Amino acid sequence: MSGNWKMNHTHFEAIQFVQALAALVRSRPWRPGRVVSVHPPFTSLRSVQTAIESDDIPVRLGAQNCHEAPNGAFTGEVSAGMLAKLNVSYVIVGHSERRQLFGEDDLTVRAKLDAVVKNGMTAILCVGETLEERRAGGEKEKVASQLQSALADRPAAVVSGVVVAYEPIWAIGTGETATAKDAQEMAAHIRGEISRLAGDEAAGQVTLQYGGSVKPDNAGELLRCRDVDGLLVGGASLEATSFYEIAQAR
Ligand code: PGA
């Protein structure tokens with residue numbers, strides 16, 4: 001269960017959020033086996049890391065992006081190695097906002113995934129179709145091609161360790177959620193594609209998230225889909241109580 005804060009919260013607000021979340025988890029711990037991550041902006045990573053580690057809060061640290069190169073003249077960028085040093089566990093790669101607003105193509109997304117894995121972290125690979133693509137009946141093909149370019153020709157052990165987040169672009173920040181039926185159908189399709197690319201075992205082990213206008217009142221229904229293992233939450237992850245409720249849904 002991952003909370004993508006996008007460009008929200010100063011580092012002061014981030015610390016307050018983590019403390020509020022910690023109080024909720026202390027009163028009722030996460031369900032067994034549930035892994036919860038928060039993905040603040042880069043400026044808050046160190047503060048959140050310190051808060052989590054000093055109070056032993058059961059929340060993993062995540063980032064929203066990284067650069068694919070290990071270092072160099074890339075003004076304004078942050079490498080995967082820098083994130084790993086902050087004990088970041090999860091890095092989102094290929095979020096649709098990165099693809100659409102910052103021109104990230106499939107090759108770049110693949111290179112970022114490489115960098116994340118090489119630095120011992122888990123990549124959350126985002127895939128998903130636009131409204132036009134869905135209307136034209138091309139959503140499965142689109143997702144298959146994104147999976148193919150990011151995951152083809154990799155060892156099964158690498159593929160099985162990736163988290164794939166299905167985020168239909170028309171559902172992001174719009175208040176419009178995919179139905180549980182659509183989410184399940186696409187999740188099953190993703191597992192099928194992964195099986196084709198890396199074998200049945202990897203397909204069984206890979207973690208699949210749904211994302212796109214997840215809220216406390218629809219989280220349970222989405223999570224009950226057979227092939228949906230977790231949720232990637234944007235807007236509703238900005239407030240500790242609503243994120244906690246989502247992360248505890250079943
Ligand atoms: P949303 O964002 O929950 O605000 O729709 C999801 C995401 O972009 O990961």
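Keep in mind that the model is predicted.

**Helix 1 against helix 12**

- Let's start with helix 1 (residues 11–27) and helix 12 (residues 240–247), whose axes come within 9 Å and cross at roughly 45 degrees.
- That angle is why the two count as oblique: helix 1 and helix 12 are neither roughly parallel nor roughly perpendicular by the cut-offs of under 35 degrees and 65 to 115 degrees.
- The crossing of helix 1 past helix 12 is right-handed.
- On the helix 1 side, Phe17, Ala20, Leu21, Leu24 and Val25 make the contact, and Ala240, Thr241, Phe243 and Tyr244 meet them from helix 12.
- By type, the residues in this contact of helix 1 with helix 12 come out as eight nonpolar, one polar and no charged.

**How helix 12 is enclosed**

- Six of the eight residues of helix 12 are buried, so the rest of the structure largely encloses this helix.
- The buried ones are Ala240, Ser242, Phe243, Tyr244, Ile246 and Ala247.
- As for what they pack against, the buried residues of helix 12 have helix 1, helix 11 (216–223), strand 1 (2–4), strand 2 (37–39) and strand 8 (230–233) as partners.

**Helix 5 against helix 7**

- Helix 5 and helix 7 pack at about 45 degrees, and their axes are 8 Å apart.
- Helix 5 and helix 7 are therefore oblique to each other, and their crossing is right-handed.
- Helix 5 brings Asp106, Arg110 and Leu113 to the contact, while helix 7 supplies Ser145, Gln146, Gln148, Ser149, Ala150 and Leu151.

- Helix 7 (residues 139–151) has 13 residues and reaches 18 Å from its first C-alpha to its last, close to the 18 Å expected at 1.5 Å a residue.
- Buried residues in helix 7 are Glu139, Lys142, Val143, Ala144, Gln146, Leu147, Ala150 and Leu151.
- Asp106 sits in helix 5 (residues 106–118) and counts as partly exposed because its relative accessibility is 29%.
- Leaving out residues up to four places away in sequence, Asp106 touches Arg99, Ser145, Gln146 and Ser149.
- Asp106 and Leu147 are 41 residues apart in sequence, yet their C-alpha atoms are 9.3 Å apart in space.

**Positive phi values**

- As background, most residues other than glycine have a negative phi.
- Asp56 isn't a glycine either, and has a positive phi of about 55 degrees.
- You'll find Asp56 in the loop between helix 2 and strand 3 (60–63), where it counts as exposed because its relative accessibility is 70%.
- Asn87 also has a positive phi, near 60 degrees, and lies in the loop between helix 3 (80–85) and strand 4 (90–93).
- With 43% relative accessibility, Asn87 counts as partly exposed.

**Glu53 and Asn87**

- Glu53 belongs to helix 2 (residues 42–54) and, at 44% relative accessibility, counts as partly exposed.
- Glu53 and Asn87 are 34 residues apart along the chain, with 9.6 Å separating their C-alpha atoms.

Methods
Residues numbered from 1 in each chain as written. Predicted model: local features only at pLDDT ≥ 70, side-chain atom pairs only at ≥ 80, totals over all residues. Heavy atoms only, no water. Axes fitted to C-alpha atoms, helices over the stretch in contact; angles between N-to-C directions. Helix = DSSP H or I, 4+ residues; strand = E, 2+ residues; numbered from the N terminus. Parallel < 35°, antiparallel > 145°, perpendicular 65-115°, else oblique. Left-handed = near helix turned anticlockwise from the far one by under 90°. Contact = heavy atoms within 4.5 Å. Nonpolar A, V, L, I, M, F, W, Y, C, P; charged D, E, K, R; others polar. Expected span 1.5 Å × (residues − 1). Buried < 20%, exposed > 50% of the residue type's maximum accessible area, 1.4 Å probe, protein only.
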